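Subject: Structure handover

Hi,

Here is the structure I promised to pass on.

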Number of protein chains: 6
Amino acid sequence: MFDIAGYGFTVDRIILDALKEDMPAGDITTDAIFGDDSSVSVSDAVIKAKEDGVICGLGVAERVFELLDGDSLFTCRVKEGEKVRAGDIVADLRGMTSALLKGERTALNLLQRMSGIATMTRAFCEKIDGLPVKLADTRKTTPGLRALEKYAVRVGGGSNHRFCLSDGAMIKDNHIKAAGGITAAVEMVRKQVPHTVKIEVEAGNMEQVREALAAGADIIMLDNMDLKAMKEAVVFIGGRALTEASGNVDENRVRDIAETGVDIISAGKLTHSVKSLDISMKII
Amino acid sequence: MFDIAGYGFTVDRIILDALKEDMPAGDITTDAIFGDDSSVSVSDAVIKAKEDGVICGLGVAERVFELLDGDSLFTCRVKEGEKVRAGDIVADLRGMTSALLKGERTALNLLQRMSGIATMTRAFCEKIDGLPVKLADTRKTTPGLRALEKYAVRVGGGSNHRFCLSDGAMIKDNHIKAAGGITAAVEMVRKQVPHTVKIEVEAGNMEQVREALAAGADIIMLDNMDLKAMKEAVVFIGGRALTEASGNVDENRVRDIAETGVDIISAGKLTHSVKSLDISMKII
Amino acid sequence: MFDIAGYGFTVDRIILDALKEDMPAGDITTDAIFGDDSSVSVSDAVIKAKEDGVICGLGVAERVFELLDGDSLFTCRVKEGEKVRAGDIVADLRGMTSALLKGERTALNLLQRMSGIATMTRAFCEKIDGLPVKLADTRKTTPGLRALEKYAVRVGGGSNHRFCLSDGAMIKDNHIKAAGGITAAVEMVRKQVPHTVKIEVEAGNMEQVREALAAGADIIMLDNMDLKAMKEAVVFIGGRALTEASGNVDENRVRDIAETGVDIISAGKLTHSVKSLDISMKII
Amino acid sequence: MFDIAGYGFTVDRIILDALKEDMPAGDITTDAIFGDDSSVSVSDAVIKAKEDGVICGLGVAERVFELLDGDSLFTCRVKEGEKVRAGDIVADLRGMTSALLKGERTALNLLQRMSGIATMTRAFCEKIDGLPVKLADTRKTTPGLRALEKYAVRVGGGSNHRFCLSDGAMIKDNHIKAAGGITAAVEMVRKQVPHTVKIEVEAGNMEQVREALAAGADIIMLDNMDLKAMKEAVVFIGGRALTEASGNVDENRVRDIAETGVDIISAGKLTHSVKSLDISMKII
Amino acid sequence: MFDIAGYGFTVDRIILDALKEDMPAGDITTDAIFGDDSSVSVSDAVIKAKEDGVICGLGVAERVFELLDGDSLFTCRVKEGEKVRAGDIVADLRGMTSALLKGERTALNLLQRMSGIATMTRAFCEKIDGLPVKLADTRKTTPGLRALEKYAVRVGGGSNHRFCLSDGAMIKDNHIKAAGGITAAVEMVRKQVPHTVKIEVEAGNMEQVREALAAGADIIMLDNMDLKAMKEAVVFIGGRALTEASGNVDENRVRDIAETGVDIISAGKLTHSVKSLDISMKII
Amino acid sequence: MFDIAGYGFTVDRIILDALKEDMPAGDITTDAIFGDDSSVSVSDAVIKAKEDGVICGLGVAERVFELLDGDSLFTCRVKEGEKVRAGDIVADLRGMTSALLKGERTALNLLQRMSGIATMTRAFCEKIDGLPVKLADTRKTTPGLRALEKYAVRVGGGSNHRFCLSDGAMIKDNHIKAAGGITAAVEMVRKQVPHTVKIEVEAGNMEQVREALAAGADIIMLDNMDLKAMKEAVVFIGGRALTEASGNVDENRVRDIAETGVDIISAGKLTHSVKSLDISMKII
């Protein structure tokens, strides 16, 4: 079974659903031209970058064609996570012409999006190069594609935040209000969640930071604080908890934020506002 | 059964899968705080635009909370497709606090993406305002979300291209090569596809335009032609087929392209490079 | 991945569901006899026509056995769409005896139905031989099997109408009433549907034919008209729109209808009242 | 949850899949006309028989509209299994116009097929009226619709054979050959299958009948025997096992077969060659 | 396609769902260590019994690894249903290290449970050795795993009761009450259920036994009767119907019950209170 | 949508699959008796404990009947997690008789298993009462039911270990070997896994404990150590990491283990060797 760094099951499901979405009743053009003897016509194709960026999703693209034509051959010319220039050939492909035509759009839709995420993540990472900070994603991902998008963040050099609501404990305003305070909330959560999970508390000011720390939070999220407040919080916490900066993180501000000394910077933009990397496929 | 302009089945499936992706084993934080008496705590919330844009996906967001809490109330303050300003409240919401917390991210992920698409489409449409041309989407959509993304294009004022490979006939290079020419390809396709489907031929130059027209193409795609060539093709075709401009369509070029007289402009950017509209939810 | 003229995904799903329906907990008879050493016993079988007809679904039948026994061999003696006589052997088959016994009914159920459709379609087509008219199917298909049944119509020599409600625009009485007239309805639909889709209007009399034509309908359905009215409509339309005859089309009337000069004749009977072609499988 | 004589789960799945098949991306015509205010327009409709027959599937048809419009009202004028005449109104229906238009084809496709089966079954049953014999179906059903088709046979007055390979033991030629004789086969099967299941043996001649009876078969299938042989077998068996006649059962032969004294007559024709009962729906 | 005595479809579904449950987003530990070059590292492992018992589920365990690594090799050292001693090596395994680590828990969870059931069943069977009685399971199985659990009972030497509510007729108190007596209930059921199904009636005392027998029940369940009453019932029935003892069957009482002369003893304990057989996997 | 402490989606899926498994084609007995007028007969029932234990799964049992009969009423007499005595009535139930009969087995199968787990967990917890230690479950759960089983452990008073391979980092022998030592393994894992996840290292002796602590493990599993070694390890670690005892934990040893001072004791037995709590349902 196909395995792109552990997500094999998810990847196959995503691809098959995408192909089904694009072909509920075949490809009427291609089927009309190639018909029942479609296996006779075999073609070569190249997948080419049309702008600079970081390639991500080669295994996924390969798998699209493998599912359509078990004998297709997909040969990578670059490695997952490698930088490419406009014009670079990313991979060579050989397979039934009809399979190439049917799989092209699905393969590119996934490859372009994943490369877009890896490219943006890499750009953010380069801004904070040399600083002891991790750039993390969020849950602001595309419904259905979270596994692939979080994988792309890692390929781009970033790090993953919790995968979902089931596997990370994050205490927010409303939890605090309902519990009757940060201390009570942390206690309730610690009592209930697996001991393998760290507890994160969202703090908007120094008072909340102090309470969260006293309550034993493992991670304190500095939520929408200005740089000065963040720096003050980091100094106060002094390594007794991990610190995470969150809110309006963009390419321009990311280095300034990193220099406050926080351990993690999380940026929704990495996945919610993706510009697909321009990549094309050409049958030759 | 829920129906957002005819996509009820698809929408429910997308939402349930998204909720499952985000909660394979519950929301460990919220469950720890609200536990088994979760139905006791009811809250009000507002959904607020944090930047200017066109709202799309209200019915989808409402449905997320309805699926989590059948008694929740979602009251829209703006209409689908309406423009909002940063700060505008888009909808009021009342329901079980735990349902609001669990549904927030999924609802926003969908609402923000759909509004992002509608906003960009509106911007493109305003550029070509007054001209007799349609702005159309492509198949460069997010795997699994095509129905919602194409709906968002319509809400933004755009028009839909074929939904998938099964319901539109588009003859490209490789089809032409395999068939042995445009005329042969059109004939093979016309013979095979339902009579309810128009036949589109991709043409890269005037010679191909002429052949396609002679072969009886219903739509001729002017693929990556420059403005002058497009204008020449439009004049030559003279209404005997629909003309569609395609390739590198962006906000800056779209009016110039429209002025060539083409009937349709298709732009992959509307769906493959979406900037989510900034929208937040706040429990009050 | 298996591909019967582009329907690979659909076909596999149909077969697996059929096998699951027939074996939720194995084949208790065969499992009792062949048990755990079932792979030891290999048999040869023949698939034989027991009445005259047109064979359709060979790839589907082959796939049933392939899914049950990856090493099974299915050798066709006739081609898809070929006419057979009672007694003709259609295919030879070799595989694990238990797989042959378990797959027999599912393979035949599909093969017989598809061949039944192809046979009836061929009979209709022969009636209208030589006339410039297409025989089309409808949406009166078996729930879940539409793709296979429409494929069988094509194999039988017929042509496909729209696949479903999502990919063809057909304006009926109630649409017209709600829109306030044919002209308004056509305009509303043209504004909304993809430009790749033709617009068909159902007309029951000459007045409606005139309105539909004036409104720019691409296809006009002559719904339940008598031969004289149809002929009059065809002459009036004069090639300015495609004409489709619909309503009570059967083998006896089909030639008379064709001679009115309509472009398409659609017949629900091709799929809603199928007589399975008698085909058997015998282990030898 | 919906329950048509115990098949609720299956029925909902079949309907939802059928609606999905017919509307992967909405009903483009109806959505264009009724759009977002589709809930405003409510219509009345009648479902009318256009030929004589036995009605079956009312609950299924009702459920189609209920799934599309939870507030729709479906009022039966006849009872499940009742005979109707051409022109009779079968049911009245009230609901959102768009839901009526979208559900019409799916509801009728199921209702017509089920009524077709019930009608043919009733006709067979009337032929054997007064004789102590049951008319049974087979596994020659439409893949995916077996539950509904077997239900329709019961509504028509027939009886069900085993549902599938998992719940009935039927020993055929190849089982006998592999086991080394009828006696050995029956023993192997009896040892393995649940004690709640009867064991049926296919016999083609008197010698096999004798062996099967001696081996303790609960049911002996008289496979493709002529009338005389069947009568002889029935006399010989003398009530020590149930007898089932099988092979080429049609309306003309069924009474003759019944008069041989067999307990059960099974007829594949009831489900594999169904003529849909002509039923229409009209919005009024 | 994989086939463990006819349950191939079910087995694959169970395994894939189990793997998905255990890896919604990969194995974060293993993926971190082995990463993208996971195919490079290949390991050998042994599966070892850590207590005495009967092995069941080897094919299922093998399939887990096959689905994760198509090239893995699983070599059984014992046969399905064989007794093992603590310390015995059950199978050798070779495959990608990451596949072994990811599949270990799922394979063992299934193998241990199935072996636990087979072990307990064998123990019960040994108690009744030499007596002409069958030990049967019930429907008190684990939701989702019934097919595997009933298979394990057979491997352990037991026999299966009906698989589910659809394939066996069992008349209980409430059916009798609703029908107005045992005789009426048996008649209603016999009229409706397939002729391939035996009819079982639950009887709690001799009066009910007599009524059931007179009504023609094929099987009479002696429900929670004491030994003396059971013996009396068996004598009275005298082979005219199968007798089944049910209620509080455990290892201590099973022989006494068997000696009453009943044909079948059914025991829920075999599947509802399973002690997993201790089996481990060790990479070497 | 139904929500049993956050697992609503999972619970509905499990129940529907269980009902489908038990009724692929209805309940032939109940359908024969109650037929089409099944909604007419309404009954009351009680759910009664037949042995002492801790009740868990009331919401699940209620949901089974709610899915079969939307109007059914399920009234709990005890609370989730409450102790009951043999003979206690757990809940009253009122609904369509046919729904009660069809849902009984599925509801009890789930309720009994969950209560069995909660009962055993409570017994373990009582043994360690007063000590500052948590009793945790493992991944040795029933495939498909992990969410419910881990919920039952919590209801019984226990605590959850990681849910699956995706949401907890556990470094074992083979990871250490492949990484080239504990230190390297911890570094590789820390670099890759989300910062919200704690890192656990399996240690079999003091040397490994020391290395794990030095490498910065958050949790150290004392794997199959004897009591003396565990105590020594706990003292050495001195609160610098959480300590977890694992291996052959049973009711007799659990207090001794707890007294070594470990923070967590994990016991596979809680879920892999469950004795269902004896609970019955009786229609009255």
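A word on conventions first. This is a predicted model, in which local features need pLDDT of at least 70 and side-chain atom pairs count only at pLDDT 80 or more, while totals for chains, interfaces and linings use all residues. Residues are numbered from 1 along each chain as its sequence is written, chains are lettered from A and ligands numbered from 1 in the order in which they are written, and side-chain values use heavy atoms, with hydrogens and water left out.

**Salt bridges**

Searching the whole structure gives 93 salt bridges over all chains (a side-chain nitrogen of Lys or Arg within 4 Å of a carboxyl oxygen of Asp or Glu). One of them joins B:D22 to A:R139, with 2.6 Å from N to O. This pair crosses between chains: B:D22 sits in helix α1 (residues 8–22) of chain B, and A:R139 in the loop between β6 (134–136) and α5 (146–155) of chain A. Helices (H or I, at least four residues) and strands (E, at least two) are DSSP runs, numbered from the N terminus. B:D22 is buried at a relative accessible area of 1%, and A:R139 is buried too, at 9%. Here buried means under 20% relative accessible area, exposed over 50%, and partly exposed in between (1.4 Å probe, protein chains only).

In chain E, the closest N and O atoms of E:D92 and E:R77 are 2.7 Å apart in a salt bridge. E:D92 belongs to strand β5 (residues 89–96) and E:R77 to the loop between β3 (73–76) and β4 (83–84), 15 residues apart. E:D92 is partly exposed, at 23%.

Chain F has a salt bridge between F:K172 and F:E202, at 4.0 Å from N to O. F:K172 is in the loop between β7 (169–171) and α6 (173–179) and F:E202 in strand β8 (residues 199–203), so the bridge ties together parts 30 residues apart in sequence. F:K172 is partly exposed (25%), whereas F:E202 is buried (12%).

In chain A, a network of salt bridges links A:D12, A:R63 and A:E66.

Best wishes
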